[in-house]
Structures are given as structure tokens and as C-alpha cells.
Amino acid sequence: MLVNGEVLLDYGIKTGDIPEYPLNSMEAKVVLISHGHLDHCGAVPNLMYQNPEVFMTPPTADFTFLLGKDTLKLAESTLSGISPFDPDDLQKLARRTQKIDYDKPFKSHGYGICFYNAGHIPGASGVFLESESGESLFYTGDFNLKETRLVPGAAEFPEADTLILESTYFGEEHIPRKETEERFIESIFNTLDRGGTALIPAFAIGRTQEILMLLDAYGIQAYVDGMGRDVYKILKKYPEYLKNPELLDRAFGRAIPVKDQQRDSVLKEPSVIVTTAGMLNGGPVLYYLSRLYKDPSSKVLLTGYQVEGTNGRLALEHRMIETNGDVLALKPRVEQYDFSAHSGDSELKKLVKDFFNKGTEKVFVMHGDKTEAFAEWILEEIGVEAYAPTNGESFTF
């Protein structure tokens, strides 16, 4: 979202079989990135020819650079070879990025700005923006009011004239986390008991670390493969952004890292493998699936939302994946567990009510499949102006 033609809030890449990049280049003086997930930060290097000021929390800055390097690597290895930026852009972004911690007000181009802990993943921020004339806006980014094993829940957000919030789980409540964890662990033990491998695809940033902490809490030693190991090295630099850094260190200390040449040996006996990518669209998980897809004793335990057009969605709905031009019919059971780092329906609604009670006059609903329905609910139930903007739509007040 571009505010006043000057301030850009997030600029990402949509994950899918063919990644989707922003349709039109944004011209911004200031770029504020809420957190280090590809759909929020992945295309920012493409803006560097404009020389904007760029601000993120320290973990988000490191994650953005890590994901940028991975995007370039993937572009080189695909037939299209298309990337929205080049290595020079990425290096320029690293030089231009200013790292700002939570609750540290700063200014840029006349705007007062402050990042607030949004829960979700380490470094995730809600963004407060105030113009020189006193008009204020708060952008939640992706947020979670409840704590997880990895991070505390979101901080109390400030009052603002306008609210921009995500709506990923509008109309859906999460299963209580404890119940999800218990079913997940039971399924893993059952898989091992019958001689199978529990393959756990997990997002590299946030989910891999949380899953390893959960497994460790139940005394399950796991193999860990993929980018999640690099993310852990980043997180070690920022313990203040974690709920319990000691437990994270313990989980990774007990997990067994896997190098490329060791993958076959890992599969010689029943095991638990946590690996990228969380939506089965690349990374080591495809290698493991190419070896396990005929094994009905094994399981694929998905730990996150599967976007339409990804292998993960294909596996869930049709028990198959596509890799290297081949279609593999999966004999392992495919299960999905709700380890979401987003707030559910009741929390989304509570947040809007809280902002309204503190004087918010307008709400923009974004980042979800039911934005129009949520905007209608806000208008009808709370009585505040609410909009569900489409790509390229502009509003003047």
C-alpha cells in the first residue's frame, strides 16, 4: 500500500508455481517493511533505483537479505531465469536499509514512524505513521495476539485515525494450539511405530524453529534440513526478539543438521525430518518426496497454509506433486496442522473494536480471501467506514 504517494508499506512476491511480482513499480520516498516473509519483503530490492529510505527491524532486514539471495538462486535454476532484481540491487538494499527496534520513534521525510511488536514471527512489526498535520495510520502487517513457543504475542497497538489490517483468518477460528500440538505429536509417534518417516515441510522463517522447539519438548530428536538452519543463525543474534532463546538453542542443539550428501542415509531408518519448503515448491523437501512418495508407511505433515497453485495445495487436494516435469502420486498420508502465526476471527474483530473505541474512523482490510465480507461486517457491526481495496485502487480523503 502506498500512502500519500510517498510511503510504501511492504512490497512482496506471491508464492506459487510461477511466482507473481507486483504489477506496477511503486515510486516511494520511504519504504517500511513489516516483516521478513516473502510476500511482504520479497520485491523490495526492485525499488533500489529510486533510492528510497528503507526501514525494518534488525531481524526483518536480515531475513529480507536472506530471501533475496534465495530468490536470485531460484531464478538461476529455473527455465525462465526471471528475477525482479539483480545482485547489485540486493547489495544496495543492504546498504540503504536502516534497522530500527520496536518502540523507537523515528522520522523520515516529515513523517513520524514507530514499529510495534506484531507477534507473528521474530521482528514482525505493526507500523505507526503520522503526518506533519497530525493524521495518523496504523498498519498491522501480519499479526498474532497470542504467544507461540517462539515469540510473545503482539504488543498493545497505539490509537490511530486509520487502521490497515490483515484479514487472513476472517471467518475462521484456530484450533487451540495445545490440541493441535498433541495431535501432531501423536501422528509422528504413530508414523515411527509403523516404520515410516515423518516428513515435516516447514517455512524457513518462524515455523521451522517453532516445530523443532515443539519436537524437543516431547523428546523427539529430528533432522533439520534447508534454510531454517540459516534463519536460526540469524535469530541467535537477536535473543530480545524471542520468547525463550534458551529453549530455541536447546532444540537446535539436539536436532541433527543434514548436508546434501547425507540425505539418503537419513532415510535408511524411521526418522523425523523438518525441512523447507513449507509449500513443497522447492528446497530439500522435493528430494525427500522423490524417495518417499511410494512409501505408504510414511507421512507428510504440513504445518502451514498452502497457497493455491503450490505443490502443497496439490498434495492436500489430490495426493500428488509436480517436480522436474514429473507428476508423483503420493502414497504417504498427507496431513495438515494449523500452526498459523496469524490471529483468528475473534481476535481480528476484537482488534477492530478496540481501535474504534480509541477513535479510529476508517479501516482498510487487506491480505485475505474475504476482505469484502470483513469490510461489510465492520461497517454493519461496528459502524466505522471500511474498505476492501483492490490492486491499483486509490482513495482520497
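Colleague: How do the residues of the lining of the second largest pocket divide into nonpolar, polar and charged?

Modeller: The general idea is that rolling a probe the size of a water molecule over the atoms shows where empty space is left. In this predicted model, the lining of the second largest pocket is made up of ten charged, eight polar and two nonpolar residues.

Colleague: How much space lies in the second largest pocket, and which residues are the closest to its centre?

Modeller: The second largest pocket holds about 310 Å³ of space, and of the 20 residues that line it, Lys146, Glu147, Ile175, Pro176 and Arg177 are the closest to its centre. Two elements, helix 4 (177–193) and helix 11 (345–357), each give two or more residues to this lining, and the largest share, three residues, comes from helix 4.

Colleague: How many cavities of 30 Å³ or more does the count give, and what lines the largest cavity?

Modeller: The count comes to one cavity of 30 Å³ or more, and about 50 Å³ of space lies in the largest cavity. Its lining consists of Leu212, Leu215, Asp216, Ile220, Gln221, Ala222, Ala251, Arg254 and Ala255, with helix 5 (207–217) and helix 7 (245–254) as the elements that give two or more residues.

Colleague: Which element gives the largest share of that lining of the largest cavity, and how do its residues divide by class?

Modeller: Helix 5 gives the largest share, three residues, while by class the lining of the largest cavity has six nonpolar residues, two charged and one polar.

Technical notes: Residues are numbered from 1 along each chain as its sequence is written. This is a predicted model: local features need pLDDT of at least 70, side-chain atom pairs count only at pLDDT 80 or more; totals for chains, interfaces and linings use all residues. Side-chain values use heavy atoms; hydrogens and water are left out. On a 1 Å grid over the protein atoms alone, a cavity is a set of points where a 1.4 Å probe fits but cannot get out, and a pocket is an open set with protein on both sides within 12 Å along at least five of seven lines; lining residues have an atom within 4 Å of a point. Grid points are joined across faces, edges and corners, and a volume is the space filled by probe spheres set on the points. Helices (H or I, at least four residues) and strands (E, at least two) are DSSP runs, numbered from the N terminus. Ala, Val, Leu, Ile, Met, Phe, Trp, Tyr, Cys and Pro count as nonpolar, Asp, Glu, Lys and Arg as charged, and the others, Gly among them, as polar.
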